[in-house]
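Here is a walk through one protein model.

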Amino acid sequence: MQIVQQLLFVAAIGLTGYLVTKRARFIYRNIKLGKDLEIKGDSNKRFANMFRLAFGQQKMFDRPVVGLMHFAVYAGFLLINIEVLEIVIDGLTGQHRIFAAVIPSGIYHFLASFFEIMALLVTVSCFIFLIRRNALRIPRFHMAEMKGWPYRDANIILYAEIILMTMLFSMNAADAVLQTMGNSHYPAIGTFAISQFLVPIFSGLSETTLVAIERSAWWVHIIGIFAFSVYITYSKHLHIFLAFPNTYFAKMEPKGEMTNMDSVTNEVKIMLGMPVETTDTGDSDEMPTFGAKDVQDLTWRNVMNAYSCTECGRCTSQCPANITGKKLSPRKVMMDVRDRAEEIGKNIDSNGGTFQDDGKSLYGDFITKEELMACTSCNACTEACPINIDPLGIILDMRRYVAMEESSTPQEWNMVFNNIENNQAPWAFSASDRFKWGEELRTQEIKKTVTEKENA
């Protein structure tokens with residue numbers, strides 16, 4: 001019977017590894033749909049950025065209570081997985097609590113109790129998060145883009161974590177009772193910090209029933225973790241992993257600095273007689289395109305931003321356009337980019353590795369012109385994001401497409417563009433008249449001075 005359990009465990013690990021690897025390759029390929037991007041900046045500063053924001057969760061503590069609860073869940077996820085290592089080894093070898101035989105009993109007992117305390121914090125935090133989402137109904141969790149799957153996804157993860165922690169406590173409590181019965185498979189190591197309070201519930205049960213409960217809890221806990229590992233690759237909780245590369249590769253330039261388009265910059269240099277650096281060999285007859293219409297026109301960092309999005313809504317809750325009733329939601333922009341990347345990826349897979357035009361695009365079918373035009377370029381969204389996602393970069397590139405490819409910007413914008421082109425200023429007067437207001441002001445000041453002297 002034991003060998004059967006070991007074989008089933010190996011099969012579960014193998015299946016989990018296969019599914020996670022397959023999904024990871026799919027996501028990586030989708031991220032690479034974006035254009036190449038040269039990453040500049042000091043690597044030490046990037047590592048420091050990653051440590052502060054992804055590991056230390058600095059921005060989460062802008063809201064201290066929620067930040068503490070989120071950190072408890074995050075720390076519990078990392079630390080409890082150390083115990084999972086023992087469970088995996090036990091499953092492969094057919095042993096039970098194999099680390100107890102090699103680690104001094106005092107240290108082992110301390111670590112197991114510490115993991116249980118973390119598990120309790122995770123459970124309590126998840127319950128509070130469920131209350132905030134479903135009972136208190138925090139507005140940013142119930143906006144239009146959060147209907148359906150995004151709403152269910154958040155609840156599924158919270159319920160799953162509560163179940164996993166409950167199984168851990170049940171497993172340890174049943175284990176503690178079995179130790180007192182002299183069962184050779186359960187070495188005497190004592191009770192732990194939290195599960196000791198559940199021991200009375202199991203004390204009156206037979207050994208056979210206790211073994212069944214302990215084994216069932218053990219299997220549900222570990223299989224649940226395997227299933228969780230696969231599930232999060234389809235969930236917003238992928239940010240657990242992608243937050244690290246996302247913060248490392250995040251834009252390090254000042255937030256207000258906009259990236260120029262090389263094609264436009266080169267044209268301006270040519271007009272001014274300046275040297276132009278280009279990698280164009282002249283073999284391509286394709287006309288250059290401006291801005292972004294679809295995912296392939298964005299950079300790979302933009303697409304990675306979309307897959308890293310936690311859907312927390314902090315960006316949208318800080319967006320002045322959204323607050324004043326405009327259609328724009330920076331969170332929706334990121335969700336739309338991810339959904340379109342997923343759609344393109346499935347298209348490629350179903351057509352033998354080649355994308356077949358489906359008559360759809362990111363602009364128009366997912367993100368509307370009304371949303372793009374509502375953005376004030378204030379960077380409130382990027383400032384609010386806990387992991388430095390940059391919705392504005394995507395919005396700007398898509399607005400460039402609207403302006404330079406479709407020429408369908410609002411009439412007020414077109415007047416400004418024409419004035420800049422003709423007068424080198426946003427205002428409708430020539431460059432020669434640019435300082436006329438100053439001369440008029442000087443004339444007025446002179447007249448005022450002369451009048452004051454005459455009156456004196």
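What radius of gyration does the protein have, and what would a compact globule of 456 residues have? The protein has 30 Å, while the globule would have a value near 23 Å. The radius is taken over C-alpha atoms, and the globule rule is 2.2 Å times the number of residues to the power 0.38. Along its principal axes, the C-alpha trace spans about 110 × 70 × 40 Å.

A word on the model itself. It is predicted: local features need pLDDT of at least 70, side-chain atom pairs count only at pLDDT 80 or more, and totals for chains, interfaces and linings use all residues. Residues are numbered from 1 along each chain as its sequence is written, and side-chain values use heavy atoms, with hydrogens and water left out.

Now the secondary structure. The protein has 19 helices and zero strands. Both kinds of element are DSSP runs, numbered from the N terminus: helices are H or I with at least four residues, strands are E with at least two. Of the 456 residues, 43% count as buried. Buried means under 20% relative accessible area, exposed means over 50%, and partly exposed lies in between (1.4 Å probe, protein chains only). Contacts are heavy atoms within 4.5 Å. Among contacts with a separation of 6 or more, 75% join residues 24 or more positions apart.

Residues 65–87 are 100% helix and 0% strand, with end C-alpha atoms 33 Å apart. Residues 217–234 are 83% helix and 0% strand, and there the end C-alpha atoms are 26 Å apart.

Next, the surface. The protein exposes about 24700 Å², and carbon and sulfur atoms supply 62% of it. Accessible areas come from the Shrake-Rupley method with a 1.4 Å probe; for residues, only the protein chains shown count as cover. Ile-3, Val-4, Leu-7 and Leu-8 form a nonpolar surface patch with about 390 Å² of accessible area together. Patches are made of residues with over 30% relative accessible area and no salt bridge; like charges are joined within 9 Å, nonpolar side chains (Val, Leu, Ile, Met, Phe, Trp, Tyr) within 5 Å. Val-4 lies in helix α1 (residues 2–31). It is partly exposed, at 41% relative accessible area.

Turn to the interior. Why is helix α8 (residues 239–248) largely enclosed by the rest of the structure? Seven of its ten residues are buried. They are His-239, Ile-240, Leu-242, Ala-243, Asn-246, Thr-247 and Tyr-248. Their cover includes α2 (43–55), α3 (64–93) and α10. Asn-305 sits in helix α10. At 4% relative accessibility, Asn-305 is buried. Leaving aside neighbours within four places in sequence, Asn-305 is in contact with Asn-246, Met-334, Ile-389 and Asp-390.

The whole structure holds 14 salt bridges. A salt bridge is a side-chain nitrogen of Lys or Arg within 4 Å of a carboxyl oxygen of Asp or Glu. One of them joins Arg-340 and Asp-294, with the closest N and O atoms 2.9 Å apart. This pair links distant parts of the chain, 46 residues apart: Arg-340 is in helix α13 (residues 330–350), and Asp-294 is in the loop between α9 (262–271) and α10 (300–308). Both residues are buried.

Arg-340 also forms a salt bridge with Asp-358, again with closest N and O atoms 2.9 Å apart. Asp-358 lies in the loop between α13 and α14 (362–365), 18 residues from Arg-340. Asp-358 is partly exposed, at 27%, whereas Arg-340 has 0% relative accessibility. Shared partners join Asp-294, Arg-340, Glu-343, Asp-358 and Lys-360 into one network of salt bridges.

Helix α13 holds another pair. Lys-332 and Asp-336 meet in a salt bridge (2.5 Å, N to O). They are four residues apart in the helix, so about one helical turn separates them. An α-helix has 3.6 residues a turn, so residues three or four places apart point the same way. Asp-336 is buried, at 8% relative accessible area.
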